[in-house]
Amino acid sequence: MHVPKNVRTINTILSAAGYQCYIVGGAVRNDIAGIQPTDYDLATDATPSEIQRIFHRTVPTGIDHGTVTILLGGEQYEITTFRTESTYSDSRHPDRVEFSSSIEEDLSRRDFSMNALAWNISDARLIDLYDGVQAIRAGRIVAIGRPEERFAEDPLRILRACRFSSQLGFVIEDKTRQAAAGLCGSLTGISSERVRDEFNKLITGEYCAQGLFLLRDLGILPHILPELHRCTGVFQKGSHSFDVFEHSVYSCEGAEQSDLVLRLAALFHDLGKPASVREAEDGTLSFHRHEILGAEITGNLMYRLKYPKQTIREVLHLIRQHMFNYTDEWTDAAVRRFLARVGKDHIEKLFMLRRADAYGLDRRPLPLDYLSVLQRRIEDILAEENALSLKDLKVNGRDLMELGLPSGPLLGVILDQLLETVLDDPGMNSREKLLPLAGNLYEELRSRD
Ligand code: ATP
Ligand code: MG
C-alpha cells in the first residue's frame with residue numbers, strides 16, 4: 001500500500017530505536033477496499049512513555065489506553081502501543097489495559113476481521129490472521145472470535161458494525177448479525193458520547209439507508225433512538241407511500257452526504273409526526289403542530305446524546321422552519337420577512353432540507369419549481385442588500401437613547417417595530433425616516449400604559 005512520507009519517517013525513527021511499527025485499522029481496510037485512506041492509525045511495541053521520549057512533539061491524547069498523538073509535518077498521527085484487553089466490567093472501558101510486545105495479540109482484540117489487518121511498513125508485508133482481505137473482497141463484516149463474547153465485552157461494536165455497513169455498503173455476516181440482534185439491549189449501558197460518534201459516522205455514510213435499516217431490523221432503535229423507533233409503522237395520508245421512519249431514512253439519504261447538520265435535520269424532521277398523526281385522528285391537531293413537537297423531541301434527543309449546543313441549535317432551527325408554504329401571492333415584503341426569520345446564513349440549508357424531504361417521499365429528486373422561484377426571489381433581495389436584521393438598521397439603541405428615550409425593554413420593542421417597517425418598505429431605512437418614527441412609537445407605547 002502507499003505509505004505517506006510522514007508515516008515512513010515515524011517508522012524509520014521507531015526502527016532505529018529498535019521498535020516495530022505497523023499501519024492498522026481503517027487505513028489498511030480502506031486501501032484494500034479501494035478507498036483512499038484519510039487518517040493512519042499506527043501500532044507499535046514501544047510504550048507510551050518511550051514514544052514520548054523518542055519523538056519531539058507528542059500529545060498524550062489517550063495515554064490511559066496507550067495512545068499518543070505524534071505531531072509531524074503539520075499532521076497528527078495516533079500511535080497505540082500493542083495491547084491485550086481483559087474484562088470490560090462497565091461495557092465502556094477495559095478494566096485493565098495490558099501492553100503487549102506482539103502484533104498478533106494486538107490484532108486478536110480488534111472488532112472485525114476487516115479491521116484486524118496490519119501493514120508492516122519496513123518490509124511492505126500485510127499481516128492477515130483472520131481472513132480480513134477475503135472479508136473485504138466479499139463485502140462482509142465478520143466479528144473476530146465468538147461474536148456473542150465480543151459484543152458482550154463491548155456492545156458499541158454492534159453499532160460499529162452498522163456504521164461500517166453504512167460507510168462501506170458491506171453486509172453483516174449471519175452469526176455476527178444474530179449475536180448483534182441478541183445483545184443490542186446492552187447498548188443502553190454505553191456512554192452517550194461513544195454512541196453519538198458512531199451514529200454521526202453512520203448517518204454520513206454513503207449507504208446511510210442501509211445502515212439505518214440495520215438499526216431498525218436488528219432491534220437497536222428502541223435502545224438508542226426510541227424517538228425514531230416510534231416512527232416505525234406510522235403511516236400518513238396523502239402522497240406518502242412509506243411509513244414515517246422510512247420517509248425519514250430516505251430524507252436523510254437525500255441530504256448532502258458530508259453535511260452532518262443537514263443529515264440530522266433530515267432524519268429528525270418528522271419526529272413530531274407519530275404524536276401529531278394520532279392527534280389528527282382525534283381531530284385535535286392544530287396546524288403545523290408537528291414542527292413544534294418535532295423540534296422539542298429532537299432537542300431532547302440531541303441533548304441526551306450530548307451534541308454540541310451549536311449543532312443542536314442549527315438542527316432545531318431548520319426543523320422549526322421547514323414547513324413554510326410558498327405561493328406566488330407572497331409579496332416582496334413577505335419574502336423579506338421569511339428571509340429575516342430564517343436568517344440568510346441558513347436559507348440555503350433550509351432549501352436543501354426541503355429538497356431532501358421531497359426526495360424522501362419517493363426516493364427520487366423532484367423538480368420543486370416553486371422552490372426555484374422562491375430561491376431566485378431571495379437571491380434578488382440579497383443582491384439589493386436590504387436590511388434583514390436589527391444590525392442592518394440605520395439606527396441602533398444608542399441613537400434612540402440620544403433622542404431621549406430611556407433604556408429598557410421598550411427600546412427593544414421599538415427597534416423590532418422599526419425592522420418590521422423596513423422589511424415592509426426598504427426605502428424607510430434611513431436615520432431621517434426612522435428617528436422620528438421611533439419618537440412617535442415611543443409616545444404611542446407610553447400613552448398606552
Ligand atoms: P475510520 O476510518 O472511521 O477511522 P477505523 O476502522 O479506523 O475507521 P477507528 O474507530 O479509528 O475505526 O478504530 C481503529 C481501529 O481500532 C479499528 O479498525 C479496530 O481495529 C480497532 N477498534 C476501534 N474500536 C474498537 C472496539 N470498540 N473494539 C475493538 N476494536 C476496536
Ligand atoms: Mg481510524
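Visitor: Where is Thr58 found?
Guide: The model is predicted, and in it Thr58 belongs to strand β3, which covers residues 58–62.

Visitor: Which residues does Thr58 touch, leaving out those up to four places away in sequence?
Guide: Thr58 touches Ile51 and Gln52, and also Val68, Thr69 and Ile70.

Visitor: And how far apart are Thr58 and Val335?
Guide: From C-alpha to C-alpha they are 53 Å apart in space, and in sequence 277 residues apart.

Visitor: What lies 3.0 Å from an oxygen atom of ligand 1?
Guide: That is a backbone N or O atom of Gly26.

Visitor: And which residues lie at 3.2 Å and at 2.7 Å from a nitrogen atom of the ligand?
Guide: At 3.2 Å from a nitrogen atom of ligand 1 there is a backbone N or O atom of Asp111. For Arg157, a polar side-chain atom lies 2.7 Å from a nitrogen atom of ligand 1.

Visitor: On to helix packing. What describes a packed pair in general?
Guide: Two packed helices are described by the distance between their axes and the angle between those axes.

Visitor: At what angle do α22 and α23 pack, then?
Guide: Helix α22 (residues 409–424) packs with helix α23 (residues 431–448) at about 130°, and their axes are 10 Å apart. The two helices are therefore oblique to each other. The crossing of α22 past α23 is right-handed.

Visitor: Which residues of α22 and α23 meet?
Guide: From α22 come Leu410, Val413, Ile414, Gln417, Leu418, Thr421 and Val422, and they meet Leu434, Leu437, Ala438, Leu441, Tyr442 and Leu445 of α23. This contact of α22 with α23 consists of 11 nonpolar residues and two polar ones, with no charged residues.

Visitor: How do the axes of α10 and α13 cross?
Guide: The axes of α10 (residues 208–217) and α13 (residues 244–254) cross at roughly 150° and come within 9 Å. Hence α10 and α13 are roughly antiparallel to each other. As α10 passes α13, the crossing is right-handed.

Visitor: Which residues make that contact?
Guide: On α10 they are Cys208, Ala209, Leu212, Phe213 and Arg216, and on α13 they are Phe245, Glu246, Val249, Tyr250, Cys252 and Glu253. By class, the contact of α10 with α13 has eight nonpolar and three charged residues, and no polar ones.

Visitor: Last pair: what about the axes of α9 and α14?
Guide: Helix α9 (residues 192–203) and helix α14 (residues 260–268) have axes that come within 10 Å and cross at roughly 90°. That makes α9 roughly perpendicular to α14. Phe199, Asn200 and Ile203 of α9 make the contact with Leu260, Arg263, Leu264, Leu267 and Phe268 of α14. Six residues of this contact of α9 with α14 are nonpolar, one is polar and one is charged.

Note on methods:
Residues are numbered from 1 along each chain as its sequence is written. Chains are lettered from A and ligands numbered from 1 in the order in which they are written. This is a predicted model: local features need pLDDT of at least 70, side-chain atom pairs count only at pLDDT 80 or more; totals for chains, interfaces and linings use all residues. Side-chain values use heavy atoms; hydrogens and water are left out. Axes are lines fitted to C-alpha atoms, for helices over the stretch in contact, and angles run from 0 to 180 degrees between N-to-C directions. Helices (H or I, at least four residues) and strands (E, at least two) are DSSP runs, numbered from the N terminus. Angles under 35 degrees count as roughly parallel, over 145 as roughly antiparallel, 65 to 115 as roughly perpendicular and the rest as oblique. A crossing is left-handed if the near helix is turned anticlockwise from the far one by less than a right angle, and right-handed if clockwise. Contact means heavy atoms within 4.5 Å. Ala, Val, Leu, Ile, Met, Phe, Trp, Tyr, Cys and Pro count as nonpolar, Asp, Glu, Lys and Arg as charged, and the others, Gly among them, as polar. A polar contact is a pair of N or O atoms within 3.5 Å; within protein, one must be able to donate a hydrogen and the other to accept it, and residues adjacent in sequence count only if both atoms are side-chain atoms.
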